[in-house]
Structures are given as structure tokens and as C-alpha cells.
Amino acid sequence: MSAQRQATTPSPARSTTPSDHGSDRFQGGTEDKKPIEVIPPTAPALATQEPKRVEGALGDAVLRFLRLRKGPKNEEFDLDAIATQPSIWDSENVEELKEAYIHPQWENWSAFDPKFRWTWREERAVRRKVDWKIMVWVCVMFSALNIDRGNISNAVSDNMLGDLGLTQADYNTGQTIARVGFLVAELPSQLISKRIGPDLWIPIQICLFSIISALQFFLKGRASFLATRYLIATFQGGFIPDTILYLSYFYTGTRLPIRLAWYWMSSQLVDIGVGFSAVGLLSMRGILGYEGWRWLFLIEGAFTFLVGVFSFFLMPQCPAKTKSWWNPKGYFTEREEKIIVNSVIRDDPQKGGMFNRQGLSVKQIWKCSKDYDMWPLYALGLLFGLPKYPVSQYLTISFRRLGFNVIHTNLLSIPNVIGSSLTMLLITALSELIDNRSFVSMAEDAWLLPCFAALIALPDPIGPWVYFAIATVLLSFPYTHPIQVAWTSRNAGSVQNRTVSAAIYNMWVQVSGMIGANIYQSADSPRYFKANKGLLVICVWMCVVQYPGTYFYYRWRNNSKAKKWDAMTPEEQEEYRKTTTDEGNKRLVLLI
């Protein structure tokens, strides 16, 4: 899909050009393959078979569970065979390539060895170890963010607005400036992360926003409400791209997306737990004379603060530097470090182009911002999720207005989270069957469209259980944001562009949230007919115009690259690899 994986050499059995891998460069379509002769790699003893597309591993597992796909027989796969994939590091001019691709201060130099080989059995064991020691804790940290980001919805169900003398307009303003804080902090957070390292910055972020979240126990009125909304979001800004960048140090481009699916799935599971815990915490109303929502903020903020403190000790700097005074043996053996580092750098040599204590210059940021091939994805980030925000933001308030009590309101907010978790699994399975990100990502807006049609068509007044049913189905949409985040990362190309593009994409998503926070107005309540009609139009636009347009744009770009590449002779292609000044996703050669 992206050009970020172009710097690896194809196996001798075939060549790889821009017209070959429709799913491994700009996503937009598949074209006919035109194999041509290229100079084969010189290093022996590499993998004799390509691994299956691991990006669809979660979807593949779902299909097997549903018995829609049969698994391979064990004897068809030799776990003791060489797993090392062909790469540019197998060519004769390795030293020149090191100078071109690897930064002198890259923190994984000690584990990098182009001649290193390992087996599938070893790789599987190492991946499981990375999953348990790195991925699980990243999910815990993300859960901490979501607890402090989402508990406002539980708090308002306990008459928080009334206790503080706030209006619906004040609530909208609070949600809006939270998005502003998130937006303003997105890029600076990425720059700080690149300067001091995500292993330090992420724990600092968690501790800061947890303290502010807990201090909401002392809210007095509108000013303190708005201030805490802004500050919490400010210190949460950039957290998601920071953690994704951190994970990219440990996983290849094909193995990261399934981990991102776990990443967002952990958020869904935590939302279920938070819903149940909110019932108990809000029942503390009256203890020491304080409201239940105050105890909710205090206790959950204290819990997430502990997560932040532990994160300082549980986030190693990189695969080759996991030893410390509190963990002298480190997470991995020397051989395991080599397997992680060499598999990652073989998959994407450009990951060695920066070290994780290196900042970005203004010139680099501006250059990445001008990358027009990323603009279609930024446009998707602005509009694709906008329709869901108003219904989600007002869910608990709407339930209370319809006559449900505090306990019932918080319990009734759980089914849509379960539904969304199930549809996420299904959309992941669909993405395995349909190798096209544009149309798979469109599923979210396609799901929302008939729900808004129902909200508009049903007569007034709407029954409490009828609204519960429609809102639950609507918010059970297949969450395609993880797909689009991975899409953005892989289309970015270089480490620099990946860092900046992730921030810019999330900035547009926050702008979308700012707009969504102000769509439902009191003058249009309680049915919000005008607002829902506008949201319906956006769903139609996304399904009919914007997603298909994105698909055809990337298809055109791929065809243009393929045409230039196929016009070259094999000698010209080899010369291009060695001398091109094209960077990131502007390179022509996609070598896997």
C-alpha cells in the first residue's frame, strides 16, 4: 500500500514493481502484474516461501471460527525453516545501504546484523513474548486514557450539570474546548515524543491527565469545568500516534495492524467495565456529603495515575535496550533482540532513518505537511466519524430525559459497546475477504445511514425503549478508525512522514469531534430533526462520493508509478534503487 516498504528486495522467484502489490502500497485498487527480470539478492539461506498476509490475521481467525475458511494442515508449514525475509540487506553493497538508510545514533545498532538468520519457530516465540511484555501494557495505558476521557458521559447521568449549574450549551462548550485542547497538543506532543522518546513522554502524559481528572472532584462551576476539560485533553493529545509509533519499533508493517485491532478492542472492553463500575461509584452519592460523580472522577483518576507511574518502569526504550537497574536481565535475550530488530528493519529499512531521541525540524514538518498523497486520508478523518459524535455525546442525557434513572442509564449504555466490539470483529473479517481499505472503511457510514433515516422518520414523541433500540444499533457501528490509522501510517513512507501524518490525521479527527460536539442544539431538542437530517446527508456523501473518490485517486497514483517503473530497463531500475533522491511514498520501487 505505501512506499514505506519499498526498500526490501524481492525473492529470486519473482520481481515486485509498483504494479505488483496492490495491497502493499497506496490502497486504491489492484492491477495486472507484469513480472520482469531483476537482479536477485546475493545472500543465501532466506525464507523459501512468503508468509501469509498477517495484516488480516484477526479477520482470518474470525473466518475460521465461523467455519468460513479452513486452516492449513500442520505438515504444510515447517516451523524450523528459515523465516528471514529477502531484503536489500542481502545485496553486495550493504555498507553503502547502511550509510543511506541507518542513522549513526540509531538505538538498535548493536542488534542489527544483515547476515543473521532465524526460524519460524523462533519468530513465533519472540512475537508472543513481545505481545505479552509490550503490547499488553500498551493496551493498559490506552485503557487509562479512555477511562479519563470517557467518564464525563457517566458523570452527567448523575445530574453533574445540574449540581454545577451548567446548561446544555455549557456542556457542548466543554466538549468542544476538549477537542481544541486535543487538537492543539497533537503535533507538539509528537515533537516532544520524538525529542525525549515515547518511553518517557507517554508515562508523563498519563500522570498529568490523571491528576487533573482526579481533581475534578473539586469542581465548583462553569470556569473550573471548562478548564479541566481543556487541560485533560491537552495532555492526552498525541497519545495515540505516540503509542503507535512506539509499537512500530517492535512490529513489522504486516504484524502491526492486528495489534492495533487488539489496541482498539481493549478500549471497547474497558468501556464495558467502566459502565459497570460507574453504577457502583455513582451510588456513592451522599458519602461525606459529596455527589457520586465526584467520587467517580477521584477514584478513576487515582487508578489511572498508578498506571502512569508503573509505565515508567514497564516501557523499555527499544528492542535492543530493555535492561535497567530494576530489570537487569531485560525483556529479551540477545538472540531475541536480533530477531525483533532485524525482522523490523528488513521489512522497512526506513525505520532506521531516525533514532527515538531525535526531534523534527520545522522544515521537515512543513515538508511532510505538503505531502499531497496523504490529503485524501486527512479529508476522510474530518468527515467519516462526524455523524456518530452527537448521538454518543448525548446518549446518557437522552436516556435521563426519557425517564430512565441513573443506574438504568449507565447499564443501558453498555449494550452498544458490546455491539461495537462484535461489529469490529466482523469488519476485520470482511477486510480479510475484501482487500480494499476504501470500501471496508466505508462500512461505518453505511451502517449509520439507515439509523439516522429511522430517527428522522419515526413520529414524535418517540418511546424510551424505541430510542434505546435505535441508538444502540446506531452506536454498534463497525469501528473503522483503526483501519484508517494503519492506512495513514503505511501510506506515509518515512519515519518522519509517519510521525507527522499520524498527528495531522488525528488533528482532523479532533476537528470532526469539535464540529460534532455542537451539532445538537437545545433549540432543536429533543428529537434534533434538523441535525439528524444533516448527519444523514454526510453519511450519503461519504458512501457515494468521498470513499469511492479516495479509492480511484490511489488507483490512479499506483498506475502512474507502475507506468514509470515498467518503462525502465532492469539496469535502470537497479540504478534507481541506488541513486534516487525520491523519499518516502514518492519512490517508485516497491520491493517486498
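This is a predicted model: local features need pLDDT of at least 70, side-chain atom pairs count only at pLDDT 80 or more; totals for chains, interfaces and linings use all residues.
Let me begin with Trp-137, which, leaving aside residues up to four places away in sequence, touches Val-307, Phe-310, Ser-311, Leu-314 and Met-315, where a contact means heavy atoms within 4.5 Å. Residues are numbered from 1 along each chain as its sequence is written, and side-chain values use heavy atoms, with hydrogens and water left out.

Trp-137 itself lies in helix α3, residues 120–156; helices here are DSSP runs of H or I with at least four residues, strands are runs of E with at least two, and both are numbered from the N terminus. With 18% relative accessibility, Trp-137 counts as buried, a class that means under 20% relative accessible area, while exposed means over 50% and partly exposed lies in between, using a 1.4 Å probe and protein chains only.

Ile-211, Leu-215, Phe-218, Phe-305, Leu-306 and Phe-310 make a nonpolar patch of about 580 Å². Such patches are made of residues with over 30% relative accessible area and no salt bridge, with nonpolar side chains (Val, Leu, Ile, Met, Phe, Trp, Tyr) joined within 5 Å and like charges within 9 Å; a salt bridge is a side-chain nitrogen of Lys or Arg within 4 Å of a carboxyl oxygen of Asp or Glu. Helix α10 gives the largest share of this patch, 3 residues.

In the loop between α10 (292–314) and α11 (334–347) we find Ser-324, which is buried at a relative accessible area of 18%. Its side chain is joined to that of Trp-326 by a polar contact of 3.2 Å, that is, a pair of N or O atoms within 3.5 Å, where within protein one must be able to donate a hydrogen and the other to accept it, and residues adjacent in sequence count only if both atoms are side-chain atoms.

What of the cysteines? A search of the whole structure finds 0 disulfides, meaning pairs of cysteine sulfur atoms within 2.5 Å. Cys-543 is in no disulfide, and the nearest cysteine sulfur, that of Cys-539, is 6.6 Å away.

Finally, the protein chain as a whole has 24 helices and 0 strands, and 61% of its 592 residues count as buried.

Notes: Accessible areas come from the Shrake-Rupley method with a 1.4 Å probe; for residues, only the protein chains shown count as cover.
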